[in-house]
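Subject: Structure for your review

Dear colleague,

I am passing on the structure below, followed by some notes on what was found in it. Please read them with the coordinates open.

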Amino acid sequence: MTRRLSGVGVASGVGIGAAWRYVPPEPGSRTRVELADASAQAAAELEALGRRLRSAGNEAEAAIIDAQAMMATDPELIADTSARIADGASVEQAILAAGAAAAGELAALDDEILAARSADVVDVAQRIARVARGDAPPRLERRSVALAADLPPSITVELDPALLAGVVLEGGTPTSHAAILARALGIPAVVGVAGLLDAATTAREVAVDGGSGDVVIDPEPAVRDAMASRVHGPPSGADDALRDEPLRTRDGHRLGLAANVARPDEVRAAVEAGAEAIGLMRTEFAFMGRPGPPDERVQRRAYASALRAAAGRTVVFRLLDAGGDKALPYLELGPQPNPFLGMRAIRLARSHPGLLVTQLRAVLSAADEVGAVAWIMAPMVADLGDVRLLRDLLARAQGGGPSPPAVRVGIMIELPSAVLVADQLAAEVDFLSIGTNDLTQYLLAADRTNAALADRQDPLHPALLRAVREVVAAAAPRDVPVAVCGEMAADPAGAVVLAGLGVGELSMEPRAFASVKAAMRRLSLAEAQELARAASDAVSAAEARRLVDERLATATS
Ligand code: PEP
Ligand code: MG
């Protein structure tokens, strides 16, 4: 039976594969290899993994594994384990207990980075326990999505990347090493998926969208096909050839090419992949999987590092989009019978103004520190009332600052009401970005997490295309730029239609750059415009998609 779950997407991309469950070793007493040999072998395995990462160009990630190799023979860890063995524990029991104790000490420190490292110690201890038991490392037999309470970082790296289609964790945080490594290896990953292990006990196949955080267990054929069409393989030689090319139509009409990222440490890779800007930084991920919101200092550090990595390019910081399917328990919003129609995003300004003011302060001070312009974007704006709410929050955040940086204020167009009053909105903001994921769900009243409605969530629906046209027309007289940052921009068929509708910038996960650039080059601007008109006149999303697919298939680049 199909089950749809959601969590925090921490490594973008879509992957589909057989369900592969990782179960950590239990502290048994089957010791075949003594402690000294087991720790040496575990260290050697980790060194080999580190070398593999380094030779693939993942220097920073190799350093994580190298640090683990050192932990495997750490004198304190070994001494504690030996003491436990002397007290009668087996090697496995002793190393797992010693690892848990060391991890507990790290987790208790008031430092997010060190606390996240506690998982690394547990990982090392589990590896030594596995070696002591005489077992081989886990391996995949076929293309699979790994499911676990928490996937140890070294296991994430050890699984054959050619077979690892995705990672889904019930626990985990965006800063956990499993998440960082999955991002570095380009493996779609979602963490914090409540109820995953129960829902997946008999799962055979899993589809994961590391951008939206959606996880579908045993997808029905329609859902599977829809997600499969969004799987981007590893970059090919042809992709590399387009890497330094702009996003343009066959006759040279240029569109801005921007990246969607969820974490500051994704900015560097996005820039290397050719992003001209970060069109959407989904900041909410730093607020998830923790007991309370990150403080201003922590946020400022993260935002400043994103701005530095962007090296002068625009970074659009989207204000916290919590609520909906991204619940933050510590906000205590109370029962939300319809979370997507409930307290979400900018609506939190009334109940939790301090939360948003702190975030705005962090963005402003990070921009000030780096000497960048602060680009701020509010999600879920319904009307001018919400724009003014944003401006009030911004004024509070700016109050008292010695040298406020230049600020550009924008909003997401993702509610039908915002489309209808887009002319009013454009009069009071610096830029608009259309969130087609939410706009599709709200226009068509089709919950984006409901698998049974997957066929009603195609943004090529004529209603959505007409809405985009309206927004472009409302913004044009005021010279307000219009971007699209929903998944539609990453879909080659969606991208060419958006170009034809007059959208100026497309923001997407960097893995989609090559396929979108290739599709865009197949049509002239006039052809894209003609196609957009025909698709807007179609009577269904299916008809519109057929028209676009046929046109792209017959176009000559
Ligand atoms: C969207 O709604 O299209 C969007 C980009 O925002 P999110 O997917 O984060 O809601
Ligand atoms: Mg949205």
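Strand E3 (residues 14-21) is mostly covered, with 7 of its 8 residues buried, where buried means under 20% relative accessible area, exposed over 50% and partly exposed in between, with a 1.4 Å probe and protein chains only. Helices (H or I, at least four residues) and strands (E, at least two) are DSSP runs, numbered from the N terminus.

Before going further, please note that this is a predicted model, in which local features need pLDDT of at least 70 and side-chain atom pairs count only at pLDDT 80 or more, while totals for chains, interfaces and linings use all residues. Residues are numbered from 1 along each chain as its sequence is written, chains are lettered from A and ligands numbered from 1 in the order in which they are written, and side-chain values use heavy atoms, with hydrogens and water left out.

E3 pairs with strand E7 (residues 205-209) in the antiparallel sense over 5 bridges, and with strand E4 (residues 144-148) in the parallel sense over 4 bridges; two strands count as paired if DSSP finds at least two bridges between them. Ala18 stands opposite Glu205 in E7 and also opposite Ser144 in E4.

The magnesium ion (ligand 2) is coordinated by Glu414 (OE) and Asp438 (OD), at 2.0 to 2.2 Å. Because Glu414 lies in the loop between strand E14 (407-413) and helix H16 (416-420), and Asp438 in helix H18 (residues 436-443), the pair ties together parts that are 24 residues apart in sequence. Both Glu414 and Asp438 are buried. Donors here are N, O and S atoms within 2.8 Å of the metal (3.2 Å for Na, K and Ca), and water is not among the atoms, so sites may look incomplete.

Helix H7 (residues 177-185) is also mostly covered, with 7 of its 9 residues buried, and the buried positions are His177, Ala178, Ala179, Ile180, Leu181, Ala182 and Arg183. Gly186, which follows H7, has a positive phi, near 75°.

As for the whole, the protein chain has 23 helices and 17 strands. Its radius of gyration is 24 Å, close to the 24 Å that the globule rule gives for 557 residues, so the chain is as compact as a globular protein of that length; the radius is taken over C-alpha atoms, and the rule is 2.2 Å times the number of residues to the power 0.38. Buried residues make up 55% of the 557 residues in the protein chain.

With best regards
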